[in-house]
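Subject: Structure handover

Hello,

Here is the structure you asked about. Please open it beside this email; my notes follow below.

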Amino acid sequence: MPSWPPGDGGGFLAIKGIRDVVLALVLGILLVTGHSRALGWVLLVEALAAYGDMTTVLAHHGSVATALGVHCLTATLMVVNGLLMMRETRKVVAAPATPAPQAA
């Protein structure tokens with residue numbers, strides 16, 4: 001992306017990096033703790049950040065290939081995974097029936 005206003009854009013990149021690390025930590029915590037439905041919802045919401053990045057790149061005359069190939073693809077995969085995580089159902093397996101003790 002071109003740097004406007006003039007400068008190296010270091011502040012923007014630092015903020016974006018911190019944001020991406022925090023978003024990943026939230027996903028990691030939900031993944032480790034096994035909250036799959038909450039993980040699905042968070043993936044759906046966090047996909048908005050990737051779609052926002054795509055929009056930012058396009059709005060500032062950045063590379064269309066990068067906007068679509070990196071940001072849009074990432075966001076779309078996050079939406080697909082989020083929907084799959086929310087759809088996941090755990091099947092309860094019934095305990096095997098134990099025969100009643102027999103009198104000897």
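The largest nonpolar core has seven residues: Leu27, Leu30, Leu39, Val42, Leu43, Ala47 and Met78. A nonpolar core here is a set of buried Ala, Val, Leu, Ile, Met, Phe, Trp, Tyr and Cys residues joined through side-chain atoms within 4.5 Å. Two elements give two or more residues to this core: helix H1 (10–33) and H2. H2 gives the most, with four residues. Buried means under 20% relative accessible area, exposed means over 50%, and partly exposed lies in between (1.4 Å probe, protein chains only).

A note on the source: this is a predicted model, in which local features need pLDDT of at least 70 and side-chain atom pairs count only at pLDDT 80 or more, while totals for chains, interfaces and linings use all residues. Residues are numbered from 1 along each chain as its sequence is written, and side-chain values use heavy atoms, with hydrogens and water left out.

Overall picture

The protein has three helices and zero strands. From the N terminus on, the order is α-α-α. Helices (H or I, at least four residues) and strands (E, at least two) are DSSP runs, numbered from the N terminus. Of the 104 residues in the protein, 19% are buried. The accessible surface is about 7800 Å², and 73% of that belongs to carbon and sulfur atoms. Those areas come from the Shrake-Rupley method with a 1.4 Å probe; for residues, only the protein chains shown count as cover. Take contacts between residues at least 6 apart in sequence: 59% of them join residues at least 24 apart. Contact means heavy atoms within 4.5 Å.

H1

Leu30 belongs to the core. Leaving aside neighbours within four places in sequence, Leu30 is in contact with His35, Ala38, Leu39 and Val42. Ile29 also lies in helix H1. Is Ile29 buried or exposed? Ile29 counts as exposed because its relative accessibility is 55%. Ile29 and Leu39 are 10 residues apart in sequence and 9.0 Å apart in space, C-alpha to C-alpha.

H2

H2 has 24 residues and reaches 35 Å from its first C-alpha to its last. That is close to the 34 Å expected at 1.5 Å a residue. The expected span is 1.5 Å times one less than the number of residues. Buried residues of H2 include Ser36, Gly40, Glu46, Asp53 and Val57. The buried residues of H2 pack against H1 and H3. Just after H2, His61 takes a positive phi of about 60°.

H3

Helix H3 (residues 64–87) has 24 residues and spans 33 Å from its first C-alpha to its last, close to the expected 34 Å. H3 bends by about 30° at Cys72. The bend is the angle between axes fitted to the seven residues ending there and the seven starting there. Ser63 caps the N-terminal end: a side-chain oxygen lies 3.3 Å from the backbone nitrogen of Ala65.

Which residues of H3 are buried? They are Ala67, His71, Ala75, Met78, Gly82 and Met86. An α-helix has 3.6 residues a turn, so residues three or four places apart point the same way. The buried residues of H3 pack against helix H2 (36–59).

Leu84 is partly exposed, with a relative accessible area of 49%. Leu84 and Gly40 are 44 residues apart in sequence but 7.3 Å apart in space, C-alpha to C-alpha.

Best wishes

Key: Polar contact = N/O pair within 3.5 Å; in protein donor to acceptor, adjacent residues only side chain to side chain.
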